[in-house]
Each structure stands twice: as C-alpha cells, then as structure tokens.
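Colleague: I am new to this structure and would like to learn how to read it, one feature at a time. Could we start with the place where the chains meet?

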Amino acid sequence: MQWHSLDEFLAMGGYGFYVWGSFGVTFLVMAIELWLLNKRCQHTSQEVKQEAI
Amino acid sequence: METKSGFNWFKYASPKTFYPVAGKIIPWCAISAAVLIVYGLYIGLFVAPTDFQQGEGYRIIFVHVPAAWFSMFLYLLMAVYAGMGLVFNAKLSYMMATAIAPTGAMFTLVALVTGSLWGKPMWGAWWVWDARLTSELILLFLYIGYFSLQAAIDDKNRADKASAVLALVGAINVPIIYFSVKWWNTLHQGASVSLTQAPAMAAIMLKGMLIMAIGFWLYSIAVVLIRVRCEILERDNKAAIFKQGL
C-alpha cells in the first residue's frame with residue numbers, strides 16, 4: 001500500500017487532475033461504448049422480433 | 001473443405017455456426033476482463049511504487065500504454081480480417097473487420113487523450129506535432145475514414161470491399177507509429193517494454209501494465225463478439241426483408 005491517507009491518494013503527488021482525468025476518461029469512454037452497443041443490440045433484436053411476426 | 005484430421009476449418013466461417021459459438025465465449029471474456037481490469041487497477045493505484053523521475057504522474061501509463069497497444073493491434077487485426085474478406089470473399093471476415101473498428105477507434109481516442117493528460121504536466125504541452133503523436137492521430141482518422149466509407153456506400157458488398165482496401169492500405173501506418181520513437185527524434189519517450197530487451201521498468205509496474213493489457217484484450221474480444229452478433233442479425237434481417245419485397 002502506497003498511501004497514508006485518502007487525501008494523499010486523491011492528490012496523487014500533485015498529479016491528481018491528470019491521473020484521475022486519465023483513468024476517468026478511459027473508463028467513461030469504455031462505458032459509453034458498452035452503452036451504445038447495448039442500445040444497438042436491443043434495437044436490432046426488436047427489429048428481428050417484428051420481422052418474425 | 002475437409003482436412004486429413006477430419007476437422008472442418010471453414011465450418012466456423014459461416015455466420016450461422018459462428019453466432020452461437022460467439023455467444024458462449026462472450027460471458028467468459030467479459031467476466032475475466034472485469035476481474036483483470038480491477039486487479040490491474042489495484043496494482044496500478046495501490047501496489048506499484050512512486051516513479052523516481054515522474055512521481056505519481058507516471059500512473060497514467062497503466063491505462064495509456066495498454067490502450068495505445070490495442071489501438072494498433074486492433075487496427076492490424078481489422079486489416080487482417082478485411083484482407084481475408086477480400087481473398088476468400090468471406091462475409092464473416094468483413095463483419096469481424098466492421099465489428100473491430102469502433103473498439104479500435106475507442107482505444108485510439110483513449111491513448112490520445114490520456115497521452116495529452118500526461119504531456120501537460122511532463123512536457124508542459126497538451127499536444128506537440130511529434131512523430132508518435134501525429135501518426136497516432138492519423139490512426140484515429142483512418143478508423144473514422146473506415147466507418148465513413150462504409151456508411152457512405154449503400155450496397156453492403158461494395159462497402160465491405162472498398163473499406164477493406166482502405167483498412168489494408170492504412171495498415172502501413174501501424175509500423176510507423178510503433179517505430180516512430182526509433183526512426184525520428186521524438187519528444188515521446190522510447191519503448192519501456194520491447195520484445196528484444198529486458199523491460200526498463202520495475203517488475204511490479206510491468207505486471208500491473210500487462211494485467212491491464214490482458215484485461216483490455218478480453219474486453220475487446222467480448223465487445224467485438226457482441227457487435228459481430230448484432231451485425232449478423234442486422235444483415236440477416238435486411239436480407240429477409242429484401243426477399244419478402246420480391
């Protein structure tokens with residue numbers, strides 16, 4: 001464990017904005033990809049169901 | 001085509017056979033991806049020590065480097081599938097190439113943005129027109145060009161072929177990105193991990209980065225397979241509607 005307190009962890013030795021910004025952007029973009037993909041798959045499966053009727 | 005062993009290698013090249021197989025692989029990849037990414041984050045944020053030169057700012061590499069690797073690797077994979085599509089005229093290969101592109105573009109964007117967030121404190125600039133950064137930006141444009149070309153052509157067959165040619169021609173950019181730090185005098189630092197030399201970083205940092213990379217790899221497999229299944233359904237559905245229209 002590298003940290004002695006939560007503040008120290010969040011501050012990242014003064015690089016907090018850049019480090020948290022990087023991790024934040026990465027997982028935000030991945031989450032958006034999953035969200036868009038889920039939307040597309042739902043749309044497709046609905047269309048397929050309508051087609052089957 | 002039957003081989004001597006009796007195993008039919010082309011069996012899984014049919015979208016119909018591939019669809020359920022992909023469905024079985026997805027949950028395993030998704031779960032292992034989540035576990036590895038959480039473990040990688042734990043190592044990267046809690047276990048790995050402070051870097052003696054870059055302080056805590058270096059921790060960006062735990063997302064930046066794996067994202068940059070997969071931006072390039074997924075492009076090559078997309079180009080290989082596109083090439084196989086052209087050679088064998090295999091629909092599933094084209095669909096795989098189409099399904100890989102958005103995830104590749106996503107990792108390219110992540111590599112560029114996290115690189116920029118690293119560049120500002122370390123170099124004092126969000127962006128410089130250095131060979132590594134410029135060629136990575138070109139990679140993003142190649143991905144965007146690939147989608148746009150597919151979207152611009154109505155006939156799916158022609159769209160597949162035209163975009164496959166673009167993917168193959170653009171593949172020349174990947175070795176340029178990879179070797180740019182050797183070929184030119186770039187501001188971007190050289191490779192810390194290479195196949196020919198011992199890694200120039202602490203073992204625990206390397207471990208965290210590799211675990212994140214495997215996590216991103218499994219994430220990519222899961223997402224691409226979900227997308228390709230969606231693509232199979234969409235194309236099948238369009239074909240069915242077209243037949244009814246006749």
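Modeller: Two residues are in contact if their C-beta atoms, placed from the backbone, lie within 7 Å. By that rule, the contact between the chains takes 21 residues from chain A and 31 residues from chain B. On the side of chain A that touches chain B, the residues divide into 11 nonpolar, six polar and four charged, where Ala, Val, Leu, Ile, Met, Phe, Trp, Tyr, Cys and Pro count as nonpolar, Asp, Glu, Lys and Arg as charged, and the others, Gly among them, as polar. This is a predicted model, in which local features need pLDDT of at least 70 and side-chain atom pairs count only at pLDDT 80 or more, while totals for chains, interfaces and linings use all residues. Residues are numbered from 1 along each chain as its sequence is written, and chains are lettered from A and ligands numbered from 1 in the order in which they are written.

Colleague: Is Val19(A) buried or exposed, and with which residues is Val19(A) in contact?

Modeller: A residue is buried if 20 or more other C-beta atoms lie within 10 Å of its own, exposed if 12 or fewer, and partly exposed in between, with C-beta atoms placed from the backbone. Val19(A) has 28 other C-beta atoms within 10 Å and is therefore buried. Val19(A) sits in helix α2 (residues 16-52) of chain A, helices being DSSP runs of H or I with at least four residues, and strands runs of E with at least two, numbered from the N terminus. Leaving aside neighbours within four places in sequence, Val19(A) is in contact with Met12(A) and, in chain B, with Glu56(B), Gly57(B), Arg59(B) and Ile60(B).

Colleague: What is the phi of Met12(A), and where is Met12(A) placed?

Modeller: Most residues other than glycine have a negative phi, and most peptide bonds are trans. Met12(A), although not a glycine, has a positive phi of about 50 degrees; Met12(A) lies in the loop between α1 (6-11) and α2 of chain A and is buried, with 20 other C-beta atoms within 10 Å. Asn89(B) likewise has a positive phi, near 55 degrees, and is found in the loop between α2 and α3 (91-123) of chain B, but Asn89(B) counts as exposed, with 12 C-beta neighbours inside 10 Å.

Colleague: How many helices and strands does chain B have, and which helices pack with α4(B)?

Modeller: Chain B has seven helices and zero strands, and buried residues make up 38% of its 246 residues. Two packed helices are described by the angle between their axes and the distance between the axes. Axes are lines fitted to C-alpha atoms, for helices over the stretch in contact, and angles run from 0 to 180 degrees between N-to-C directions. Helix α4 (residues 131-152) of chain B and helix α5 (residues 156-170) of chain B pack at about 170 degrees, with axes 9 Å apart, which makes α4(B) roughly antiparallel to α5(B), since angles under 35 degrees count as roughly parallel, over 145 as roughly antiparallel, 65 to 115 as roughly perpendicular and the rest as oblique. By class, this contact of α4(B) with α5(B) has seven nonpolar, four polar and no charged residues. The axes of α4(B) and helix α6 (residues 173-183) of chain B come within 8 Å and cross at roughly 160 degrees, and α4(B) and α6(B) are therefore roughly antiparallel to each other. The contact of α4(B) with α6(B) has seven nonpolar, three polar and two charged residues.
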